[in-house]
Amino acid sequence: MKPAKGLKVKDITLGSGPATKVGDDVLVEFECHLNRGDLLYSSKEQGAVKLRIGQRNTVIGIEQGVIGMRIGGTRDVRVPAHLAHMEQRFFPNLSTDSMLRYSLRLRSIDNATQII
């Protein structure tokens, strides 16, 4: 899966074990902030999110941001406004020119031996 144009991904902590790839089922915790720092949403409220990478059933910042992560790893993902279509559906008051910042933490990969 080719990264979306304009998406910026920065590793904070590398983690360990195998790297995630398209088709993996993963469990990820995340926070979504507006670029100026205001918290928009946190998975702490509902718990970590399960997703299958490549199915495009979640926001682009999470799905593409988690590719290549290792268990226990953390990443900062910046999503430009032109890629934030799904977030705008969930948050109708979100400005169409809002840049978003995701903080991701990979908890597990299906069939991996380690869970954090």
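Predicted model: local features only at pLDDT ≥ 70, side-chain atom pairs only at ≥ 80, totals over all residues.

Me: Which strands pair with E2, and in which sense?

Reply: E2 pairs antiparallel with strand E4 (residues 49-52) over 4 bridges. Strand E3 (residues 39-42) is also antiparallel to E2, with 3 bridges. E6 is joined to E2 by 9 bridges, and these two strands likewise run antiparallel.

Me: Which residues face one another in these pairings?

Reply: Leucine 27 is opposite lysine 50 of E4.

Me: Is E2 enclosed or open?

Reply: Burial is judged by relative accessible area, with under 20% counting as buried. In E2, 7 of the 10 residues are buried, so the strand is largely enclosed by the rest of the structure.

Me: How should I read an aromatic pair?

Reply: One describes such a pair by the distance between the ring centres and the angle between the planes. This structure holds 2 aromatic pairs. In one of them, phenylalanine 30 and tyrosine 102 lie 6.0 Å apart, centre to centre, with 50 degrees between their planes, which makes the pair tilted.

Me: What does that pair tie together?

Reply: Because phenylalanine 30 belongs to strand E2 and tyrosine 102 to strand E6, the pair links parts that are 72 residues apart in sequence. Phenylalanine 30 is buried at a relative accessible area of 9%; tyrosine 102 is buried as well, at 2%. With Tyr41, the residues Phe30 and Tyr102 form one aromatic cluster.

Me: Which residues touch the most other members of the largest nonpolar core?

Reply: That core has 24 residues, and those touching the most other members are Ile62, Val79, Leu100, Tyr102 and Leu104. Two or more core residues come from each of strand E2 (25-34), helix H1 (60-66), strand E5 (74-79) and strand E6 (100-109).

Me: What is valine 79 in contact with, beyond its neighbours within four places in sequence?

Reply: Valine 79 is in contact with Leu7, Ile60, Gly61, Ala84, Ser98, Met99, Leu100 and Tyr102.

Notes. Residues numbered from 1 in each chain as written. Heavy atoms only, no water. Core = buried A, V, L, I, M, F, W, Y, C linked by side-chain atoms within 4.5 Å. Buried < 20%, exposed > 50% of the residue type's maximum accessible area, 1.4 Å probe, protein only. Contact = heavy atoms within 4.5 Å. Phe/Tyr/Trp six-rings, centres within 6.5 Å; stacked < 30°, edge-to-face > 60°. Pairing = 2+ DSSP bridges.
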